[in-house]
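I've opened my notebook next to the viewer. These are my entries on what I looked up, in the order I got to it.

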Amino acid sequence: TASNITAGTKEQIGAFLAMPKLIETILKCASNDEWPVKKEAAWVISNVCTGGAPEHIQCLVEREKAIPVIFDLIKTGDIKINSMLLTALNHILATDPNEYTILVDECGGLDVLEDLQEVEDEDIYNSAVGIIEKYFGSEEDDENVAPNVAETGDSFAFKPTVNNNNNTFSFNITN
């Protein structure tokens, strides 16, 4: 099966990905077919991401557009599949955090990760929280964004930039 091939060596994964119609068909089936086919597709994605080289992950994400498929599969709610796909997602995001976090957010994946914080399985919860905190920041980070309040409590405090060379300061306001 395809998942057995992608569970092989990096060379075998590379040869598998060199057949774009094959991986395209598998990913299409992941979104449209019966559960056993979806499960096989999930294993293929997981194996490529956990056993492949960074260029294999890049191929899967950029050429084959696998990130939305991953989240479609996660929405099925199967704990074992979700666990391995969250591990795969961690590998994907580690490969190119700046670019791939954008792709996750664009396909609604961040919402799916947040929803996973409500499942009863502690491992799934921890994996989802770990990904959110590592790659998207935590909600606690947002609390620190508020401006400082002046000591009187009736206005915001700020510190202008001072240029000591000519005794001037700037508020750094642009139009």
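What pattern does the protein chain follow, read along the sequence? I get α-α-α-α-α-α-α-α-α-α-α-β-β. That comes to eleven helices and two strands. I take helices (H or I, at least four residues) and strands (E, at least two) as DSSP runs, numbered from the N terminus.

A note on ground rules. This is a predicted model, so I use local features only at pLDDT of at least 70 and side-chain atom pairs only at pLDDT 80 or more, while totals for chains, interfaces and linings use all residues. Residues are numbered from 1 along each chain as its sequence is written, and side-chain values use heavy atoms, with hydrogens and water left out.

**Whole chain**

I looked up how much is hidden: of the 175 residues, 34% count as buried. Buried means under 20% relative accessible area, exposed over 50%, and partly exposed in between (1.4 Å probe, protein chains only). The accessible surface comes to about 10,900 Å², and 49% of it belongs to carbon and sulfur atoms. Those areas come from the Shrake-Rupley method with a 1.4 Å probe; for residues, only the protein chains shown count as cover.

I also checked contacts, meaning heavy atoms within 4.5 Å. Among contacts with a separation of 6 or more, 61% are between residues 24 or more positions apart.

**Helix pairs**

Two packed helices are described by the angle between their axes and the distance between the axes. The axes are lines fitted to C-alpha atoms, for helices over the stretch in contact, and angles run from 0 to 180 degrees between N-to-C directions.

H7 passes H10 in a left-handed crossing. Left-handed means the near helix is turned anticlockwise from the far one by less than a right angle; clockwise would be right-handed.

Which residues of H7 and H10 meet? On the H7 side I found Ile79, Asn82, Ser83, Leu86, Leu89, Asn90, Leu93 and Ala94; on the H10 side, Ile124, Ser127, Ala128, Ile131, Tyr135 and Phe136. The residues of this contact divide into ten nonpolar, four polar and no charged. Ala, Val, Leu, Ile, Met, Phe, Trp, Tyr, Cys and Pro count as nonpolar, Asp, Glu, Lys and Arg as charged, and the others, Gly among them, as polar.

Next came H2 (residues 10-17) and H4 (residues 35-51), which pack at about 130 degrees with their axes 10 Å apart. That angle makes H2 and H4 oblique to each other, and H2 passes H4 in a left-handed crossing. Lys10, Ile13, Phe16 and Leu17 of H2 meet Val44, Asn47, Val48 and Gly51 of H4. I sorted this contact into five nonpolar, two polar and one charged.

H4 also pairs with H6: their axes come within 11 Å and cross at roughly 130 degrees. H4 brings Lys38, Ala42 and Ile45 to the contact, and H6 brings Val69, Ile70 and Leu73. By class, that is five nonpolar, no polar and one charged.

**H5 and what follows**

In H5 (residues 54-63) I found His56, Ile57, Cys59, Leu60 and Val61 buried. What covers them includes H2, H3 (20-32), H4, H6 (66-74), H7 and H8 (97-106).

Lys65 sits in the loop between H5 and H6. Lys65 has a positive phi of about 55 degrees although it is not a glycine. Is Lys65 buried or exposed? At 54% relative accessibility, Lys65 counts as exposed.

**Single residues**

Ser3 is in H1 (residues 2-6). With a relative accessible area of 10%, Ser3 is buried. Leaving aside neighbours within four places in sequence, Ser3 is in contact with Glu40, Trp43, Val44 and Asn47.

Gly130 is in H10 and, at 30% relative accessibility, counts as partly exposed. Gly130 and Leu86 are 44 residues apart in sequence and 9.9 Å apart in space, C-alpha to C-alpha.

Asn98 is in H8 and counts as exposed at 64% relative accessibility. The C-alpha atoms of Asn98 and Tyr135, 37 residues apart along the chain, are separated by 8.6 Å.

Conventions
Angles under 35 degrees count as roughly parallel, over 145 as roughly antiparallel, 65 to 115 as roughly perpendicular and the rest as oblique.
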